[in-house]
Amino acid sequence: MEDQTKHYLISGRVQGVGFRMFVHSRARELGLKGWVRNLADGRVEAVARGSADQLKPFENAIRTGPSRAIVESVVTADWNQSSEFADFTVERDGAEPCS
């Protein structure tokens, strides 16, 4: 099965509740590559690369988040920018989403 790369914008109470570490941990458990970061507007942004069998449980996890999070919305899109990821990392906060 061919790998896919997806872009996620997660809204709700997703900063200050361990959301990035939750996403990082789940992505690493599933063998995904990519990154996660906070945005200045309170959302969390992530890009993940892997098979559909890896991405589906990842997407389910980010729709729930850690226990203190309240996920209101997850916007998912195909990531068409050429990128190579060595691992899954937590990136520096950003002002605007990459999409």
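Is Arg 43 buried, partly exposed or exposed, and at what relative accessibility? In this predicted model, Arg 43 has a relative accessibility of 22% and therefore counts as partly exposed, since the word buried is kept for values under 20%. Its side chain meets that of Asp 41 in a salt bridge, with 2.8 Å from N to O, and Asp 41 is itself partly exposed, with a relative accessible area of 48%.

Two helices and five strands make up its secondary structure elements, and along the sequence they follow the pattern β-α-β-β-α-β-β. The radius of gyration is 12 Å, which agrees with the value near 13 Å that a compact globule of 99 residues would have. Of these 99 residues, 41% count as buried. Among contacts with a separation of 6 or more, 80% are made by residues 24 or more positions apart.

The charged side chains come next. The chain carries 13 positive and 14 negative side chains, and the centres of the two sets lie 5 Å apart. Side chains of opposite charge can pair when their charged atoms come close. Six salt bridges are counted in the model, including one between Asp 93 and Arg 20, at 3.4 Å from N to O. This pair links distant parts of the chain, 73 residues apart, with Asp 93 in the segment after β5 and Arg 20 in helix α1. Asp 93 is exposed, at 52%, whereas Arg 20 is partly exposed, at 26%. In another salt bridge, Glu 45 and Arg 37 meet at 2.8 Å from N to O, and both of these residues are buried.

Note on methods. Residues numbered from 1 in each chain as written. Predicted model: local features only at pLDDT ≥ 70, side-chain atom pairs only at ≥ 80, totals over all residues. Heavy atoms only, no water. Helix = DSSP H or I, 4+ residues; strand = E, 2+ residues; numbered from the N terminus. Rg over C-alpha atoms; globule rule 2.2 N^0.38 Å. Buried < 20%, exposed > 50% of the residue type's maximum accessible area, 1.4 Å probe, protein only. Contact = heavy atoms within 4.5 Å. Lys, Arg positive; Asp, Glu negative; His and termini not counted. Charge placed at Lys NZ, Arg CZ, Asp CG, Glu CD. Salt bridge = Lys/Arg side-chain N within 4 Å of Asp/Glu carboxyl O.
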